[in-house]
Each structure stands twice: as structure tokens, then as C-alpha cells.
Protein chains: 2
Amino acid sequence: MRVLGKQEIEDMAVGAALLGTGGGGDPYIGKLMALQAIEEYGPITLLSVNEVPDDAFVVSTGMLGAPSVMIEKVPNGNEAKEALETLEHFMGKKVFAIYPIEAGGLNSMLPLALAARLGLPVVDVDGMGRAFPEMQMVTFYLDGIQASPFVIADEKGNVTLLKTIDNLWAERIARAATIQKGGAVMFAVYPMTGRNLKESGIHDSLKLEEEIGRTIRLSKEDNCDPIQEILSLTGGFELFRGKVTDINRKTEAGFLRGTAKLEGLATYKGDVMELRFQNEHLLAKTQDRLLCITPDLIAVVDAETAIPITTEGLRYGSRAVVIGIPCHPKWRTAKGIETCGPRYFGYDIDYTPVETLIGKGVALK
Amino acid sequence: MRVLGKQEIEDMAVGAALLGTGGGGDPYIGKLMALQAIEEYGPITLLSVNEVPDDAFVVSTGMLGAPSVMIEKVPNGNEAKEALETLEHFMGKKVFAIYPIEAGGLNSMLPLALAARLGLPVVDVDGMGRAFPEMQMVTFYLDGIQASPFVIADEKGNVTLLKTIDNLWAERIARAATIQKGGAVMFAVYPMTGRNLKESGIHDSLKLEEEIGRTIRLSKEDNCDPIQEILSLTGGFELFRGKVTDINRKTEAGFLRGTAKLEGLATYKGDVMELRFQNEHLLAKTQDRLLCITPDLIAVVDAETAIPITTEGLRYGSRAVVIGIPCHPKWRTAKGIETCGPRYFGYDIDYTPVETLIGKGVALK
């Protein structure tokens, strides 16, 4: 157990943006909410997953929708509370602790804000080890844990509780309701026992986020190359360096979808990198070679500062480095690849680990 | 209190088709389900609304979606039970009786089937005095009674519970979820007290349905004109007689929408009637004159037998009589007209009562 203050939150937000792989919503809003909640209600207790009793009732809270909507539709703080309380009422038990569904973006920060407000601890665990765009893309799903009962609440006060036969239906119905509710809602989902969370979750995600953030922050005074530091911390690879020349983004079916192009600089001169995203970056390729593909992580960072850049933060002319990071081994199983590999997102490409692709890539049809 | 056997159900189904004004789903499926439930579980108890204690907990059950989908997606009987039980669990109380949301179509029959199965009484009351396509189009809405908590359940086993800030949001979110769930679901909605039901509902709707059905059935042996009998029973008017020459139907946004044209016969020769519908008939006009418009009832019946014809049962060449029936006075208030009058459905026409229009009509722009 340890207590999180403002500096920890600041560092975590930077790490969350990196593991958010461009999506998951800009952690900036979540950070502000968490900082404000600490200001009002005091510091937040972070529990290691091993400190959670086996029979404890734990729930994940966060925001569902398109990141570009979230920027304009900042939550008022009541939605997550309302979602959590509706779930508690329906299940007839009180929540022991909350945890982030993903280790990336807004959703790794929002549980901190709610926890401070409700005086609940947060568990240092998540269901992705990164960010993904859909609710069934969690290790819990791979382990047969149900997303439902699943509650979503909007800022107007509408609350919807779903009991679904499987997690794909949970995603499908929740997404349709979210679009009706204006494109972004707060959720309480994957209610489970401490034991399930321990066995199925990815441990110490918030700790990793904080380390990434601290490393980037300290690299300047330590006079280190922040990008090299991140690569060694995450086991990642530099895929490309270049200048953003083209961005296409649209919000459709409740997602932010699009592509970005970068023209190579330095040793990459003459090459063009194309990134494809659905909230998160899913595919990185040059003209003819695949360099990294989901479920491995693709992050874009500022070439100078290593500060991560989200898909909605990409600007024409930005100098950026594209990084590939191996995903958690759970995602490299057959069910993991089926759940969030290339074909799920409509790419007719086999998954190949980033460490195999690096340096040579595979030729694309 | 009285007990309903098979003949009563048969008669009610015919009356329900007439008050269904072409929509509400073909009561045939509901009738079969009710008859089968009586066969298995015994007769159904029908209570007058005055026999329901003021503090009793009552709920409406039925089906939400496009009638054309319902024909192919017959409920398995578990959905309504699941919806009702989820609502009971959430509200922490047991249902005393169920009641139909509308006096028309499938939804006036389905509560009978569920009641037989669960051994619950049905209350002789409804919220429309006819059928309407949307969940907020009930007298309860005019009286400020909330639709939610509101549960919908599909045949796969997915259950969604909505707590909404108003009944328009209930309709909007439920409709989106219904489309995801295949276009038709069973619901448990408008939970309220016996007292609210008494004060806000339209009384004796099932009795009227039964009288209409019996009148049509007996007119043959009594050698009466069944259409004249219906008109005197409902206070309705004959608007047109003709032959169906043109039908356009499509299922969109969860509704069956379309138009039908009839060429005049006998005294109507040379005239063409056009009907417009969204599940239910909403507007009846000749080339240049409006003859009846929502919320007044427009029903199409077989010219020989007076058996009602639904919008999905309209066939090229059918000989039909179009009937206009004054709606319940609650629908003729300002809020009633705002809720389900012409402009709500996108017709730039003022509401004029059918008895004012009859014989002369109003000129259309």
C-alpha cells in the first residue's frame, strides 16, 4: 500500500499517454480530475493486487466513447459515482476497491479521481497492459470473466445497466447506448472478486506508468536521451523518426478512426510511415513493409522531449518518433490475437511480434 | 374480477387488431402465446382497475420493436419473465399484477400470456387506448409518471435496465439497444402504484377489444353489417372504401415505415386514398383533402368481414374500408397533441379532430 500525491499523478499521466498508444483518451483531463479530487478529498491509497482480499468485491470504472468527444464533454464527476452506486445496489454489495480497465489514456486516471472522491482505494492492476478501443479486449475476457452486470451513466443522469450473455454483447449494446447518450459515458464494469483480479489482471500497471513519466521528467536534468530510457524501460523499439505530413480523423460508430503519415528524417529520409488507428494506433507500416501491429503497442512521442502524442494531438509538422513495444504475453495467445489482433480490426495480415518485425519488417501485399 | 378463457382471447385479438390501427404488431402471435399459456397454466384472471389496491406494485410488459421483425422473431416466453424479474430484483418488490401498455396489437395480448405463465392477474387498463409506436406515447407520460426503471430483454438472454431522466430518453436509449438486439425485445416498463394506474390509465380497454371482436364474430349469424356495428361501438366514421393498389414498406431506425394507396370503389370511385404509417397508421388523405390524422385512430378492415388488416398484412387488390375513430380526450390536450400529434411525426399539419374533418376534410397544401 502506498499513498499517491500530486507528483505521482503527474508522472502517471505521462506514462498513461505512452501506454495509451495514441488513444484511450487524453489523460490530461483525467489528471486534472484526479488532482482536483486530491485537493478536495486528500491523497489516494494505491493497493498492490496482492493486498486485496480474495473475496473482496472490486469494480472497474472509467469512460467509454470516442476520445475526441471526451475532450469537449468533460465529466461532471457524478456519472461514475452514479454508475458505481447503481451496480452496488443491483448486486447488493459494497465495493472494496476500484481498478482501471486499461493502463493507458484517460481510463487509467479516472479511477483515481473517483477513488479520492469516494474514499476508496485503487488497485495497481489493469485488464489490458495498454489501451484498447473495446470493452471485451481485456485479459478478463480471455479468462472467461463476465463484463456484466455493467452500468453506464451519462452527464444528464441517465443510467443503463446491462446483463449480457457475453462480453461481445456487452460491448455492442453499451456502444449503441453510448452513441445515443452523446458519444461518451462513464461506466462501472467487470465486477469481480479480489481473487479473479489477482489471477487475471496485469499487475503493477500504474507503477509502470509512473516510472515512464518520472523517467521522461528526469531525463532532462539527468541529461539522458529520454527515448532511449523509455525503450529500455518498456522493452520497446524505435520504428521511425519523421515529420507528420498528413492526418485523417473521423468520429464514426462511436470511435475516432483515421490514419496519419510521417515523412522520414535522418536515417529514415526518403521513407514514409503510415499509422492507422481506431482510438488507439493499430498498425505501423512504411510504403511496403509492416513494422508493428496490434496487439503490440505503437506509441508516438515528441522527438525532443519524448512526451507522448495522442491521435487527436497529432499536428502537421510535428517531429515525432514512433515506438513499438511488445504486448503482454496474454495477448499473444490464440484467443488474445483473435480478440484484438489484426483480423479483428479488418486487416488481412497475420500477427507477427514486433521484435520479429524489427529491422526487416514483412512485405505487405 | 373475471376469468378469461379461449373465446375471450380470440375476440380480444380481433378487437386489438382494430385498435392497433394497423400496427402494434399482429395480435395473432400474441393470441397464440396467450392460448398456449392458458392451455398449459389455466385461465387468466382479469381485474378491473378499481380492484387493484392503491399501494399495489404494477408493471407493464410487452414487446418493443418493428412489427415486421416480430413476425419472424417469435418470443420464446422467457424474455418477458426475465425482464419482469430483473425489474423486481432492482426495485426490491414483487409485482402484484401486470397490464398492457397499449390497447392494440400484439402488446395488448402479450401480458395475458405472461400472466398465465406466472399466475399473475392482468389489469383491464392501458396507457394509450390504441397503439402508438414510441414508449413515451402513453397517458402516464402526460401525467408525469416515469417509464423507468425500464428493462428490456432479448431472446438470447441479454437484459438491459434503464434509469432515465425522462421518458424521451427511455425511448431513445431503449430503441438503440433494441436495434442492436435484433429489432425486437420484450420489456417491463412503467412500474407504478395501483393508484397511479387508476388515475392515469385508460380504463376497460380489454373489455372494449373483446366487445369489438365479439361483435365482428356474431355479426354474420346476426345478419348485421359488421362495419356499421364497429362504428357504433367505437363512435367511429367510415372514411373510404377501396382497393389496395400500392404499398411501400421499409424497416428503418427500428420502425416499419411506409405508405399505402387505395383506389375508391362505389361512392368513392375516382378518388384515391393515401395512408401513411410508422408501425401504426398516422394519416389518411385523398388527393387533396386530409380525412383523419394522429392521435385519432385510423383502422383498415376487410370490406366483407370487417376483420382488421395490419400494415404488414396489406396486400395488393384487397378490398378494404378505412375507418376513423376519435382518440381518448387525453390525447386532444396540448401535451397530448405535442406528444403524438402530426408535428411530432414530421407532418406540417395542425391536428383537427376526425369528427370535424368528416364529410369535408381540410385542404392540404
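**Exercise 1. Describe how helix α7 of chain A packs against helix α7 of chain B.**

Step 1. In this predicted model, helix α7 (residues 167-180) of chain A packs on helix α7 (residues 167-180) of chain B at an angle of about 145 degrees, and their axes are 9 Å apart. Axes here are lines fitted to C-alpha atoms, for helices over the stretch in contact, and angles run from 0 to 180 degrees between N-to-C directions. Helices (H or I, at least four residues) and strands (E, at least two) are DSSP runs, numbered from the N terminus.

Step 2. The residues that make the contact are Arg172(A), Ile173(A), Ala176(A), Ala177(A), Ile179(A) and Gln180(A) of α7(A), together with Arg172(B), Ile173(B), Ala176(B), Ala177(B), Ile179(B) and Gln180(B) of α7(B); two residues are in contact if their C-beta atoms, placed from the backbone, lie within 7 Å.

Step 3. Sorted by class, the residues of this contact of α7(A) with α7(B) are eight nonpolar, two polar and two charged. Ala, Val, Leu, Ile, Met, Phe, Trp, Tyr, Cys and Pro count as nonpolar, Asp, Glu, Lys and Arg as charged, and the others, Gly among them, as polar.

A note on conventions: residues are numbered from 1 along each chain as its sequence is written, while chains are lettered from A and ligands numbered from 1 in the order in which they are written. Because the model is predicted, local features need pLDDT of at least 70 and side-chain atom pairs count only at pLDDT 80 or more, whereas totals for chains, interfaces and linings use all residues.

**Exercise 2. Work out which elements of chain B touch chain A, and how the two copies are related.**

Step 1. The contact brings together 20 residues of chain B and 19 residues of chain A. On the side of chain B, the elements that give two or more residues are α4 (78-91), β7 (159-163) and α7, and α7(B) gives the most, with seven residues.

Step 2. Strand β7 (residues 159-163) of chain A pairs with β7(B) in the antiparallel sense over five bridges, where strands pair if DSSP finds at least two bridges between them. Within this pairing, Thr160(A) has Leu162(B) as its bridge partner.

Step 3. Chain B is superposed on chain A by a rotation of 180 degrees with 0.0 Å of shift along its axis, at an RMSD of 0.0 Å, and the two copies are thus related as by a two-fold rotation axis. The superposition is by least squares on the C-alpha atoms of residues with pLDDT of at least 70 in both copies. Among the residues of chain B, Leu161(B) comes closest to the rotation axis, at 2.4 Å (C-alpha).

Step 4. Since 95% of the interface residues of chain B are also interface residues in chain A, the copies meet through the same surface.

**Exercise 3. Find the domains of chain A and describe their contact.**

Step 1. The domain assignment, which is automatic or from a database, gives domain 1 (2-205) and domain 2 (225-363) in chain A, and their C-alpha centres lie 25 Å apart.

Step 2. Domain 1 of chain A brings 31 residues to the contact and domain 2 of chain A brings 28. On the side of domain 1, α1 (6-19), α3 (67-72), α6 (139-142) and α7 of chain A each supply at least two residues.

**Exercise 4. Locate the cis peptide bond that ends at Pro295(A).**

Step 1. The bond joins Thr294(A) and Pro295(A), with omega about 10 degrees.

Step 2. Pro295(A) has its place in the loop between β14 (289-293) and β15 (297-302) of chain A.
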